[in-house]
Amino acid sequence: MVSLPQRMRKLQTKLLAIRLGSGALVLPKDVKRIHMRFAQKIDGGHMGPRKFWRHELVRLKYHNPAVSMTIDRTASADDPALMSVHFAPADAPQTSEDSATSAPTPVTSTTQDSSPSSDTAAPTDRVQTIDMKHRTNSEILTELQRLTKAFPVEPTPEEREEIQMLEDHRVRSARDSKLSQEVRARQKREKELLEQARGDVASQAA
Amino acid sequence: MTAPRYCPACLSGLTSASSTLLRSTTTRTTTIPSAITHQIRTATQSQNALKYRRKDIPASQKKKKSRSTFLQPDLKNAIQFSLVDAMRYIRASEVGRPPTSSKYELHLRLRTAKNGAVVRNRLRLPHPVKTDLRICVIAPPDSAQAKAAIASGAVLVGEESVFTAVKEGRVEFDRCLCHTDSLVALQKANLGRVLGPRGLMPSVKTNTVVRDVGSAVREMAGASEYRERFGVVRMAIGQLGMGAEELQRNIRAFVDSVKRDMAGLSDQTAKDLHEVVLSSTNGPGLSLDGRFASEDGLGSKELGVA
């Protein structure tokens, strides 16, 4: 078991990576759902979507916990890689949507049909799609930001301090590790030389 | 005595680093370069140090006394979270996963001795995590007991038919119960070698040999087992789609049950709850501080669905 401070530093680093970084955006209120559909493997330009999911979508979800984000990876490599952003209709009350997504159904088509949640109120959602094929995760992010007019999250002073503290510690620890590595290598060498010398003496005495 | 075999170049590098290991050999050699004739002051050479040096401890005492309890660090400096905050982090790191495959897990660290009795029990959560358990019941077929078992959802019921199937290696169930009257037949069938390693062998100790099979199956269908391993009790506590209130009820039921078990064992070994950690299939482990929501954090409403 590692010591508690060590454990907590590692946890802090992990949680900071969830909170801050690329993709830390606060979406406007009318975004109800984000659905991505891309292939299981990266061939044919499906790498960007996966990277986006692994890196940016985590932070997006942290800052927008109420927005349902689903992924469908049953597409084949030839299919388009699409991200559909569902907006609530401008005049509808913003409450009726959540029940539809509580059990994320395998949405088969994510194109403009906008009928996956049939039980929502009469005005259907406005759905806009982003083509993600052959695009990197950062390109997808800028496209999403442009589409939804989301604004990025800036680190607070405390978070900046925390980042600085962790960074300082990383530097210090790398330096110390190098130092002690040298010391251990030297001690090992001395020991070997000593062993060798002892062996020589013993063989001559015999 | 002749000079040893190593080269002087190596030695000069070593002695300038005030080696303690090589001192005995360097004093013997006569080929020390003049560059390192400075005084070497180390602990073994100084008279004072010799005086204060620790006497050789007998080998029997030298061995460190091993710890009899699990090491549990003080949680004063630990970062702890309220339930809703922890769920927010976990949901973020589970984003886009198939909703049926990801589960919340709860780890209860106990202050306990390394040996002695362990906490082990079954529990039916208020909101079950897994409902598609396949249960096998060993009871004479066509009996009233067998019918009751089938009625309450057992997949496989019988005596000889089950034994032959298991001997052929077809173990198509996740839990195994046995009626009290069939226990003798079961022990004669010699299935311990097959079922034992999978933890499926019914025994009185694990409460899987029962008289009322029907209600036991019903009890087991939504229940999950837990046991203490290395001072920690772990269990899947909820599906990722669950709300904060549901998860809270599950956690409360689980913690209460473990506390009851610990109280039951208190005459054998003293146990005490040390830390509650919420984790998930792919998420980080976050220590809970017992609050539902923090003042500046989200409420359970804003958390929304997974």
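Me: Is B:Tyr89 buried or exposed, and what is its relative accessible area?

Reply: B:Tyr89 is buried, with a relative accessible area of 5%. Buried means under 20% relative accessible area, exposed over 50%, and partly exposed in between, with a 1.4 Å probe and protein chains only. This is a predicted model, in which local features need pLDDT of at least 70 and side-chain atom pairs count only at pLDDT 80 or more, while totals for chains, interfaces and linings use all residues; side-chain values use heavy atoms, without hydrogens and water. Residues are numbered from 1 along each chain as its sequence is written, and chains are lettered from A and ligands numbered from 1 in the order in which they are written.

Me: How is a pair of aromatic rings described, and what is the case for A:Tyr62 and B:Tyr89?

Reply: Such a pair is described by the distance of the centres and the angle of the planes. Rings of Phe, Tyr and Trp (its six-membered ring) pair if their centres lie within 6.5 Å; planes under 30 degrees apart are stacked, over 60 edge-to-face, and the rest tilted. The count over all chains is four aromatic pairs. A:Tyr62 and B:Tyr89 are stacked, at 4.8 Å centre to centre and 25 degrees between the planes. A:Tyr62 lies in helix H2 (residues 47-63) of chain A and B:Tyr89 in helix H5 of chain B, so this pair joins two chains. Helices (H or I, at least four residues) and strands (E, at least two) are DSSP runs, numbered from the N terminus.

Me: Which cluster do ring pairs form around B:Tyr89?

Reply: Ring pairs link A:Tyr62, B:Phe81 and B:Tyr89 into a cluster. B:Phe81 and B:Tyr89 are edge-to-face, with 5.8 Å between centres and 80 degrees between the planes. B:Phe81 is buried as well, at a relative accessible area of 10%.

Me: Which ring does the charged end of B:Arg88 sit over?

Reply: A charge sits over a ring if NZ of Lys or CZ of Arg is within 6 Å of the ring centre and within 35 degrees of the ring normal. The charged end of B:Arg88 sits over the ring of A:Tyr62, 4.0 Å from its centre.

Me: In what order do the strands of the open sheet in chain B run?

Reply: Strands pair if DSSP finds at least two bridges between them. Seven strands of chain B follow the order E1-E11-E10-E2-E9-E8-E3, with mixed pairing. The edge strands are E1 (80-81) and E3 (120-124) of chain B, each pairing on one side only. E1(B) runs parallel to strand E11 (residues 286-288) of chain B, joined by two bridges.
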